Amino acid sequence: MTTAAPAQANPTSGVGPLLRGWRERRKVSQLDLALRADSSARHISFIETGRSRPSEETLLRLADHLDVPMRDRNSLLLAAGYAPRFRQTPLDDPSMGPLREGLEQLLTGYEPYPALVVDATYDVITANRSLAMLLEGVPEHLLAPPLNAMRLTLHPEGLAPRIRNLREWRGHLLHQMERQIALQRSDALRAVYEEVAAYPVADPGVDAFEAGTDVPYFALPLRVEHDGHVLSFISSISTFNTPMDVTVAELAIETLLPADPATVKYLQTHQP
């Protein structure tokens with residue numbers, strides 16, 4: 001059954017402070033927003049101070065130009081006294097069958113290279129067998145649902161001890177989360193960030209990546225050991241264009257592209 005996205009509005013604040021908060025977060029002036037959204041700075045000022053109530057279409061247009069996440073657009077609508085516009089359908093709902101099937105086909109088709117699907121807090125929705133191969137030997141308590149990709153990667157008992165360029169890769173992941181937190185209003189994501197950022201980082205010594213290699217990497221690789229071999233991957237993240245459901249809007253597909261011929265050969269000869 002499809003349900004409206006659970007968004008709570010603070011009746012004492014109203015839509016004005018929420019809109020102003022998003023505008024300030026995006027570092028956009030009232031005039032700039034007005035020019036982008038075919039409005040006026042005076043009208044936006046009246047909305048933010050509570051002197052004017054925006055129409056649904058005006059509010060959604062402003063939210064679009066401020067790149068407000070879909071979940072939070074529902075919060076803006078509720079704060080203005082309107083019903084949520086975007087639904088949030090559980091992935092196990094029958095109507096999501098084609099989406100689930102498509103994701104599984106995509107991940108299976110990417111084998112023997114690792115791939116996974118995560119939600120807005122990096123909980124793993126599904127993954128292919130090639131990723132499972134990289135996780136061999138990880139303690140069960142880290143593999144128990146909900147499996148979190150950031151926790152699994154950076155936990156001292158997870159993949160972290162196997163990552164040869166841990167400091168660089170850890171810095172990349174934390175910076176990625178910091179950017180998302182700056183763009184969103186997610187307490188759940190911030191909690192995950194604070195947890196994984198607090199994990200101790202062992203001194204990995206001199207890494208082959210730092211010492212130099214013959215491979216001309218075009219992006220920072222993830223260099224991880226598996227069964228005595230060092231595998232190198234470049235991470236790519238994809239999202240859905242023009243989503244119409246909060247659940248779909250918050251999904252991301254991460255694929256690990258082999259970064260050198262040795263990794264390609266190893267994965268092709270060690271298919272799970």
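User: How much space lies in the largest cavity?
Analyst: This is a predicted model, in which local features need pLDDT of at least 70, side-chain atom pairs count only at pLDDT 80 or more, and totals for chains, interfaces and linings use all residues. Residues are numbered from 1 along each chain as its sequence is written, and side-chain values use heavy atoms, with hydrogens and water left out. A cavity is a set of points, on a 1 Å grid over the protein atoms alone, where a 1.4 Å probe fits but cannot get out; grid points are joined across faces, edges and corners, and a volume is the space filled by probe spheres set on the points. For the largest cavity, that volume is about 290 Å³.

User: Which residues are the closest to the centre of the largest cavity?
Analyst: Lining residues have an atom within 4 Å of a grid point, and 22 residues line this cavity. Helices (DSSP runs of H or I, at least four residues) and strands (E, at least two) are numbered from the N terminus; those giving two or more residues to the lining are α7, α9, α10, β5, β6 and β7. The closest to the centre are L116, A149, T153, E254 and L256.

User: How many charged residues are in the lining of the largest cavity?
Analyst: Here Ala, Val, Leu, Ile, Met, Phe, Trp, Tyr, Cys and Pro count as nonpolar, Asp, Glu, Lys and Arg as charged, and the others, Gly among them, as polar. The lining has 17 nonpolar and four polar residues, and the number of charged residues is one.

User: Why is α5 described as largely enclosed by the rest of the structure?
Analyst: Buried means under 20% relative accessible area, exposed over 50%, and partly exposed in between (1.4 Å probe, protein chains only). The buried residues of α5 include D72, R73 and N74 as well as M70 and L76, and they pack against α1, α4 and α13 (contact means heavy atoms within 4.5 Å). The helix is largely enclosed because its buried residues number eight of the 10.

User: What covers the buried residues of α4?
Analyst: In this helix, residues 56-65, the buried residues are T58, L59, L60, L62 and A63. After α4 comes D67, with a positive phi near 55°. The cover includes α1, α2, α3 and α5.

User: Which residues have the most contacts inside the largest nonpolar core?
Analyst: A nonpolar core is a set of buried Ala, Val, Leu, Ile, Met, Phe, Trp, Tyr and Cys residues joined through side-chain atoms within 4.5 Å. The largest has 38 residues, and α10 gives the most to it, with six. Apart from it lies another core, of 24 residues, with I44, L59, M70 and Y82 among them. Inside the largest core, those with the most contacts are M177 and V196.

User: Is S130 buried or exposed?
Analyst: S130 lies in helix α7, and a polar atom of its side chain is 2.9 Å from the backbone oxygen of P112. Because its relative accessibility is 0%, S130 counts as buried.

User: Which residues does E136 touch?
Analyst: E136 lies in the loop between α7 and α8 and is partly exposed, with a relative accessible area of 49%. L159 is 23 residues from E136 in sequence and 9.7 Å away in space, C-alpha to C-alpha. Not counting residues up to four places away in sequence, E136 touches R162 and H226.

Key
Polar contact = N/O pair within 3.5 Å; in protein donor to acceptor, adjacent residues only side chain to side chain. 1 Å grid on protein atoms, 1.4 Å probe; cavity = no way out; pocket = protein on both sides within 12 Å on 5 of 7 lines; lining within 4 Å.
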